[in-house]
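Here is a short note for a colleague who is meeting this model for the first time. Please read the points alongside the view.

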Amino acid sequence: MPTVKLNKKVFNKLVGKELSDDQLRERIPMIGTDLEGIEGDDINVEVFPNRPDMLSEQGFARAFSAFIGVKTGLRNYDVKKSGSKVMIDASVKDVRPFTACALVKNLKFNDEKIREIIQIQEKLHVTFGRNRKKLAIGIYPLEKIKLPIKYFAADPNKIKFRPLEFPSEITALQILSQHPAGREYGHLLEGKEKFPFFADAGDNILSMPPVINSHITGKIEESTSEVFIECSGFDFNTCKICLNIIVTAMADMGGEIYSMELEYADGRKVTPDLDPRKIKLDVPFINKWLGLKLSEKDMVDLLAKMGYGFDMGFTLIPAYRADILHMVDLAEDVAIAYGYEKFDAEIPNVATIGQESEFETFRRRVSEILIGLGLLETSTYNLSNAPDQDEKMMTDFPLVELESAVNIDYNVLRAWMLPSLMKVLHDNKSNDYPQNIFESGNCFALDKDSETGVCEFCTLAVALCGPDTDFTRIKQVVDCLLSALDCRYVSSEAEHPSFIPGRVAYVSVNDTIIGHVGELHPQVLVNWGLEMPVAAFELSLTGLFKALKSRQ
Amino acid sequence: MDINRLVESLHPLERKAVPFLSRCNNLKELMRLSQLSEAEAMRALQWLENKQVLKIHAEVKETVRLDNNGKVYLEKGLPERRFLDALRMKILTMKGLTEATGLSSDEIAVCLGLLKSKAAILIEGGVVSITDHGKKILDKEWLEEAFLKKIAGSDLGPDALTPEENFAFEIFRKRREIVKLDVDKIKRFELTELGKALVDADIEPKETVDRITPAILADGSWRNKSFRRYDVEINVPKINRGKRHFVNQATDYARQVWIEMGFKEMEGPLVNTCFWNFDALFVPQDHPAREMQDTFYMKNPARGKLPDHKLVERIKEMHEHGGKTGSLGWQYRWGDDPAKKIVLRTHTTVLSSHTLASLKGSDWPAKFFAVGHCFRNEALDWSHLFEFNQTEGIVVDPNANFKHLLGYLKRFFAKLGFPQARFRPAYFPYTEPSIEIDVFHPVHKKWVELGGAGMFRPEVVEPLLGEAVPVLAWGPGFDRIMTEYYGINDIRDLYKNDLSQLRSMKQWMR
């Protein structure tokens, strides 16, 4: 989640009231942001992804000022008509179909403000814009642009311009490989026949969204006082809200907002539209949801502390809020304004019966029986790797593989448990022997018929390792366990590449093989670097549980 | 100590050693005199030391000794002498040296270098001959030879060597296995006053009973005899018990807490389709949580099947425009393919989506819980694991509200050992309101973040349950609770499976 750095002096001025650090520490988390810390003049906050409008100093201060009761209610922003046009060519439809645009004038830029604007832009790119994939923002100095503006798509080999902070003009295609931003965001355009561009009336390229602006017409400087802003992407509504977030922040800096006329192939649209959305306030629903008994007036007052307006039964939702989908979203804001700390915690008198899963009960009993035999339980990862699962064990089980696992030692799901125990023995060569261990847990096999293509089952493995370990000892454990479970079993000669031929047996219950028991092959011991014999068994607990249940 | 009690407490090994204690002062001597093995004699001495009969001093002694080749050379003569001897009568070609001298090629190489430096031989045009000086020295005994003879017959330490001998020693050390420096640990002992008294005492008067054996019980021979006294204060060797893994002890406790609160356990797979893990929980398909860097997707198999068509349709509507809930939805085109991707569950909340989909009207009010592993594709370090434990609870109750959620949470965390809990606003795509839970750590005296909670959005509940019944949900991570309890600083130690750690880890006692 993105963190935003707020300058305490600017913040206090915007909020309209000065709070002590302790008060800030107490109140900031309660509005629904994580306070990372206050150091000197810097307040660092982590903004949750549902509130992109709080990613700027201005937006954060606006929300906070209302929350602490200084400037409550809906903020009104004046939008003047500029009459300027943006012509959207039908060619962008398959590339990046939408844009929402505005002009902001009368800005007084300084270094600090330019940095602040770049911060808003970058934070919105990362979060709301999903790393520019969903949406990208461009801000341009108006004095270098001839209106009207065109948004179109064209062959990237045929368009040439000088990208930001680059020494020369290159083609749009070359930008993808030669410019740092091209290398970072080029994948968003890769494979497209045409790339999207903004150009002015003099056919000067302004930018190639979502990658880079032009150095000539797309760079904000201290002398800039009027800007052209566009948000382009795949969903017009998202573009509009993003534009609203930026222009309201700029208005809070002192700018004046001007609308633009967007000439789409299928009609004209005007942005920005800062009229609040209306939603009927459902007082009983919110009271029931939260367990409160607020009057409409109380609720409206609380919503005012979250920046909402109210008119004739309708809540007015600020045009920069992106997260109000349903009445529950208003309910949450009512709860935040009311204060989470002020709610009484209650446990209702509802009778339900607690119950552990039958399988878990069974699994725990199995563990308890084995502990009675002096065995030590281990707990290993579900993830493993092919050398451990197959090569060292001399087996050839098909494995369920993970995509792009960060740890290459853990890039498959285990097919069986015994390799996990062998790894434990390998890691414990310097500890006292005998080492008699067990573990039960999930194992995974490919299964075309299941919903996921994977079948999961729980197995139990026991490994005895020490100078006196042999087949008799391990079979005694099987025998003891199954007789404790009152389960008859049959053992029959088996073949298994991990075990010594002639010293491995199948274990069957109700004529179904549920596992095998034997002495590990010396080659397997060598593969694991062990200098002690190991005798082991592995049983399907899922199978055993089913067999025992079917008996009842 | 009373000498009679001391005598009664002597072990048979001690009894065998005591008569010789006044005649010797070290372990080796004691072994020779008493005919005890090294282990037996050492045990006897240690026990006697415990009884304050004697004091043991360990000394290290270095001795110069002949090594394997040294012993052979002592008998057959040094290779350089044999080499020179072979040259006494005739000149040899380089090729014929092995046959004529009977030495190995390594030895010949050493001899050539050595004798040449002593000007005892001459090498010219591929032939080797003896010099006059060579003939002269052949008739004398060499310093090196005298040294070999001397150390063969005595146990000299390096300090006892003369400067000449030391010179020979250093030269031989550079050659293969001629001499070696043996380091012997010598155990000397010294009798205490008590020990001197014991040596003089009569230790053989009464026959004492040592181990009680079935034979002794059967023939009654223990009657009228005294029993050897044991040192009951002695430290005994450790034994190991069978034991549940400490993580499982803790998760079993969490299960117990849930059951006490009337919750029923949910079960389900670790491998899921994204449909259940994300889409059914109203997580939009472009949400960052679904991106590769956090989530374990499956390579093989990569895609699964979607459930019942009607349910899929309801979920799709919910994402696109909010269905009939009055929600706007996320307003994008929902696709089948991202929902079919196979994923290792990223949260136990996936079990809640499965469970909700399986309920019908008569089933609620109902409460469910789960405890289990979830997965996150990230590098291992002291604070990050790719597998982590989460515990999950949901309450499906038409009358449930936010205050109830806080009530359940307070009780739940109190049972886990944190009586003070506070709640902050948070954000999850599938709950509204959403809560972050902090508990007050009673030892560290600070607030610790323990996990998220909230009320499922109608967009989650309605398509799964058929109606928008309030559902309270919480899913705190459990690893932090465990590491705090067990005093583990590196989270990887939860699954290190070091058997000595497992054997010594304290029991979960909550």
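1. Two strands are said to pair if DSSP finds at least two bridges between them, and the elements themselves are DSSP runs numbered from the N terminus, helices being H or I of at least four residues and strands E of at least two. The model is predicted, so local features need pLDDT of at least 70 and side-chain atom pairs count only at pLDDT 80 or more, while totals for chains, interfaces and linings use all residues. Residues are numbered from 1 along each chain as its sequence is written, chains are lettered from A and ligands numbered from 1 in the order in which they are written, and side-chain values use heavy atoms, with hydrogens and water left out.

2. In chain A, three strands form an open sheet in the order β1-β3-β2, with antiparallel pairing. Because β1 (3-7) and β2 (33-39) of chain A stand at the edges with a single partner strand each, one side of each has no neighbour in the sheet.

3. Strand β3 (residues 42-47) of chain A runs antiparallel to β2(A) and is joined to it by six bridges; within this strand, Asn44(A) is the bridge partner of Gly37(A).

4. Turning to a helix, Thr248(A) lies in α7 (residues 236-252) of chain A and is buried, with a relative accessible area of 0% (buried means under 20%, exposed over 50%, partly exposed in between, with a 1.4 Å probe and protein chains only). Leaving aside neighbours within four places in sequence, Thr248(A) is in contact (heavy atoms within 4.5 Å) with Arg62(A), Tyr77(A), Leu274(A) and Tyr320(A).
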